[in-house]
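Dear colleague,

Please find below the structure that I am handing over to you. My notes on it follow directly after.

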Amino acid sequence: MNSKIDPPVEHYRRIRENPRYIALARARSRLTWRLSILVLAGYFLFMGVAAVRPDLLHLPLYQGSHLSLGIPLATLLIVIAWLLTAWYVHRANTHFDRLSASIVKESQA
Amino acid sequence: MKSTGLRLIAAALFSQPLFASAADSPAQGLNLHAIGMFLLFVSITLLITWWAARQTRSASDFYTAGGGISGWQNGLAIAGDYMSASTLLGLSSMVFAKGYDGFIYMTGFFIGWPILTFLMAERLRNLGRYTFADIVSFRLDQRRIRMLAACGSLTVVCCYLLLQMVGAGQLVKLLFGLDYTLAVMVVGLLMLVYVLFGGMLATTWVQISKAVLLLVGGTLLMLLALAPFGFSLETLANRAVQSHADGWSIMGPGSMLANPLNVASMALGLVFGLAGLPHILMRFFTVPNAREARKSVFYASGFIGYFFLVVCVLGFAAIVIVGTDPQYFVDGKLGGPLLGGSNMVAMHLAKAVGGNLFLGFLCAVAFATILAVVAGLTLAGASAISHDLYATVIKRGTASEAQEMRVSRIAVVILGLLAMALGILFEQVNIAFLVGLTFGIAASANFPVLFMAMYWKGLTTRGAIYGGLTGLFSALALVILSPTVWVTVLGHPQAIFPYDHPALFSMPLTFAVIVLVSRLDRSTRAGQDREGFDDQLVRAQTGVGIATASNH
């Protein structure tokens with residue numbers, strides 16, 4: 001970057017050494033990795049069933065229906081993945097951001 | 001069959017022109033409704049550009065709209081970047097032809113978004129400024145890293161631009177009855193006007209307008225198409241099963257999973273390639289802070305998921321409405337080739353349920369979509385040239401903002417002219433391989449380097465360079481040896497590498513090289529690289545020190 005200001009080195013150091021920052025970083029990373037693994041596991045499970053037991057997705061939704069079980073399942077996969085993003089964004093924008101702002105303020109010289 | 005299906009969908013969703021049969025069918029006469037609506041769209045976007053040009057003063061305005069776009073607006077713009085004209089056309093055609101298989105593909109195209117939200121969104125915004133190279137070079141050696149990142153960005157941008165240009169030319173020829181060369185020139189020149197004068201602000205608003213049009217158009221079409229079924233999905237499914245030649249089997253997984261490794265490789269490339277597309281990544285720098293960045297991916301994934309589901313319904317409705325009406329088939333033969341090529345399903349459906357006026361509207365939306373995507377791509381390419389190559393690598397950070405802006409405008413013109421020239425040159429070439437290549441390189445070169453720079457303390461400059469180059473060249477080599485190039489383009493009888501998409505192999509290879517080289521790196525630079533991580537992490541987590549938004 002050609003117009004880079006000196007990074008606030010001291011401020012960074014104090015934040016880094018703040019135990020609340022360490023807790024925040026840990027909590028956030030635990031949550032984001034869990035959610036990612038959940039979504040990817042759901043997706044690969046779905047793909048796995050489609051590859052190995054396609055007949056399961058092909059069952060009628062209910063007796064006499066012309067919709068198959070796979071259609072609501074695929075839709076649910078998308079809707080649930082989206083709701084999980086909604087939940088994460090809400091949590092990060094309220095809880096984590098508040099925490100982080102207070103840590104930043106607390107660590108100012 | 002299976003690989004045709006694969007190529008059909010991959011191609012279709014990412015704007016590969018699948019109008020092979022269009023070449024055989026004569027161009028339709030001038031479509032006046034479509035041209036009228038398109039001109040209306042163009043005048044509105046030119047007004048937007050004029051307004052944006054008056055606000056675009058600094059480099060930050062030009063690259064990132066001054067960072068003043070709200071999460072909601074940016075969400076629409078991101079969705080617009082991802083929903084290409086061919087999502088509407090290609091995905092609906094996939095469902096029309098194969099039923100449930102289209103659904104399965106659609107989930108793969110969606111699932112990258114939540115991952116992007118969880119793992120990348122806030123770090124992208126907190127660490128980046130104009131290009132994703134800002135993030136990778138945050139603690140690594142600026143010059144070498146930016147050179148690598150610019151190579152990755154420009155390769156992806158050029159491949160994607162070429163795909164879009166050829167797709168645009170063929171689509172417009174078919175829909176509007178205009179000449180191919182003329183169509184490519186119109187797209188190229190309009191895009192130049194948007195980007196050159198309006199920068200990111202105009203590009204974003206063009207993208208937003210197009211996203212709204214696409215969402216509204218798709219929803220309207222779905223409602224019109226569901227009306228004959230009394231808005232009952234059960235009735236629709238019943239009639240679709242009766243109408244389709246494959247009957248009940250369209251409701252379950254079909255032939256596409258016969259080659260699961262190819263599907264896995266493609267899914268991997270799409271999920272992680274998404275996080276390596278420079279024009280998508282650039283969108284994260286247009287919002288003021290991480291909070292808005294998160295919101296924007298949330299809105300974007302909502303719009304994208306919704307739109308994908310709508311398009312799937314369109315596909316099923318088309319099975320009944322278009323699939324049983326001889327007027328949409330060549331020589332009126334039901335079950336034979338569709339008029340205008342296999343990708344025209346959504347357009348025929350529009351005509352069937354909404355008449356010529358609605359068809360014209362949808363054609364105009366499709367054209368607008370291509371235009372907007374091309375503008376975003378060019379801007380991403382130009383910023384890699386001016387911000388990464390010119391300002392850091394050539395001028396070593398001494399270029400003034402005015403100089404950098406001038407270079408980026410020159411880069412826009414060069415990229416625009418190049419896109420037009422290549423678009424015209426490649427009219428008759430089968431460029432399906434570019435889909436695999438674009439996403440292969442994005443997933444194998446850009447994504448691993450970016451991801452490791454954000455998450456792994458041990459990453460060193462040398463590791464990033466070797467890894468990035470490995471990804472670039474292995475993806476390139478595997479695509480050349482794949483069926484789409486080795487057999488289709490070069491005419492050999494048997495492909496050396498049996499899959500169309502390289503990501504399953506090239507991406508893990510890149511990660512392995514990055515880790516191995518970084519671990520063995522004992523240089524002094526490597527020490528600095530590792531040391532810088534802790535400060536980078538503080539900034540990634542808290543956003544302390546990020547560039548703030550200028551006021552508009």
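Which residues in α7(B) meet which residues in α14(B)? From α7(B) come W113(B), P114(B), L116(B), T117(B), A121(B), E122(B), L124(B), R125(B) and N126(B), and they meet A290(B), A293(B), R294(B), V297(B), F298(B), A300(B), S301(B) and I304(B) of α14(B). Here, residues are in contact if their C-beta atoms, placed from the backbone, lie within 7 Å. Helices are DSSP runs of H or I with at least four residues, strands are runs of E with at least two, and both are numbered from the N terminus.

Please note that this is a predicted model, in which local features need pLDDT of at least 70 and side-chain atom pairs count only at pLDDT 80 or more, while totals for chains, interfaces and linings use all residues. Residues are numbered from 1 along each chain as its sequence is written, and chains are lettered from A and ligands numbered from 1 in the order in which they are written.

The contact of α7(B) with α14(B) divides into eleven nonpolar, three polar and three charged residues. In this classification, Ala, Val, Leu, Ile, Met, Phe, Trp, Tyr, Cys and Pro are nonpolar, Asp, Glu, Lys and Arg are charged, and the others, Gly among them, are polar.

V297(B) is found in helix α14 of chain B. V297(B) is buried, with 30 other C-beta atoms within 10 Å; buried requires 20 or more such atoms, exposed 12 or fewer, and partly exposed lies in between, with C-beta atoms placed from the backbone. Leaving aside residues up to four places away in sequence, V297(B) touches I78(B), W113(B), L116(B), T117(B) and A121(B). V297(B) and W113(B) are 184 residues apart in sequence, yet 7.3 Å apart in space, C-alpha to C-alpha.

Helix α6 (residues 100-110) of chain B is mostly covered, with eleven of its eleven residues buried. Across chain B, buried residues make up 66% of the 552 residues. The secondary structure of chain B comes to 22 helices and zero strands. Its C-alpha atoms fill a box of roughly 70 × 50 × 45 Å, taken along the principal axes. Among contacts in chain B between residues at least 6 apart in sequence, 85% join residues at least 24 apart.

Finally, the contact between the chains takes 45 residues from chain A and 42 residues from chain B. On the side of chain A that touches chain B, α4(A) gives the most, with 19 residues. By class, that side has 30 nonpolar, 13 polar and two charged residues.

Yours sincerely

Methods:
Two residues are in contact if their C-beta atoms, placed from the backbone, lie within 7 Å.
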